[in-house]
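Trainee: I have this one open for the first time. Can you walk me through it?

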Amino acid sequence: MQKINNKKTDESADRQWLSIGELAQRSDVSVSAIRFYEEKDLIWSTRTEGNQRRYQRAMLRRIAIVKVAQQVGISLQQVREAFQVLPRHQVASKADWQKM
């Protein structure tokens with residue numbers, strides 16, 4: 001596969017990934033909460049060559065669901081179980097979310 005060196009394409013791909021600080025800010029939760037959610041297998045990250053976490057933008061939706069679930073008294077374990085119908089370490093499609 002040939003890599004395309006196109007600044008616009010690279011910038012678009014970069015927007016698909018968020019640092020832990022960006023994810024925390026955009027989801028309005030603390031960095032420690034992000035780490036906790038990852039530890040509980042509610043979200044996941046990948047690592048850069050410099051060993052920094054990077055999260056797909058799709059984690060914003062998962063965190064939003066976690067927050068709403070907590071507000072209505074649903075446990076993190078129940079949320080984790082509900083997330084198990086979604087593809088593992090892949091962005092869920094509309095059909096995947098409807099299964100949930």
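Predicted model: local features only at pLDDT ≥ 70, side-chain atom pairs only at ≥ 80, totals over all residues.

Trainee: What share of the residues is buried?

Mentor: Of the 100 residues, 31% count as buried. Buried means under 20% relative accessible area, exposed over 50%, and partly exposed in between.

Trainee: Which helices and strands are there, and in what pattern?

Mentor: There are six helices and three strands, in the pattern α-β-α-α-β-β-α-α-α. These are DSSP runs numbered from the N terminus: helices are H or I with at least four residues, strands E with at least two.

Trainee: Next topic. At what angle do α4 and α5 pack?

Mentor: Helix α4 (residues 59-71) and helix α5 (residues 76-83) pack at about 140°, with axes 10 Å apart. The axes are lines fitted to C-alpha atoms over the stretch in contact, and angles run from 0 to 180 degrees between N-to-C directions. The two helices are therefore oblique to each other, as angles under 35 degrees count as roughly parallel, over 145 as roughly antiparallel, 65 to 115 as roughly perpendicular and the rest as oblique.

Trainee: Which residues make the contact?

Mentor: From α4, Arg-62, Ile-65, Val-66, Ala-69 and Gln-70; from α5, Leu-76, Val-79 and Phe-83. Contact means heavy atoms within 4.5 Å.

Trainee: And at what angle does α2 pack with α4?

Mentor: Helix α2 (residues 20-27) packs with α4 at about 45°, with axes 10 Å apart. This pair is therefore oblique too. Leu-23, Arg-26 and Ser-27 of α2 meet Met-59, Leu-60, Ile-63 and Lys-67 of α4.

Trainee: Something else: what is the phi of Asp-28?

Mentor: Asp-28 has a positive phi of about 60° although it is not a glycine. Most residues other than glycine have a negative phi. Asp-28 is in the loop between α2 and α3 (31-39).

Trainee: Is Asp-28 buried or exposed?

Mentor: Asp-28 counts as exposed, at 63% relative accessibility.

Trainee: What about the phi of Asp-41?

Mentor: Asp-41 has a positive phi of about 65°. Asp-41 lies in the loop between α3 and β2 (46-47) and is partly exposed, at 28%.

Note on methods:
Residues numbered from 1 in each chain as written. Heavy atoms only, no water. Buried < 20%, exposed > 50% of the residue type's maximum accessible area, 1.4 Å probe, protein only.
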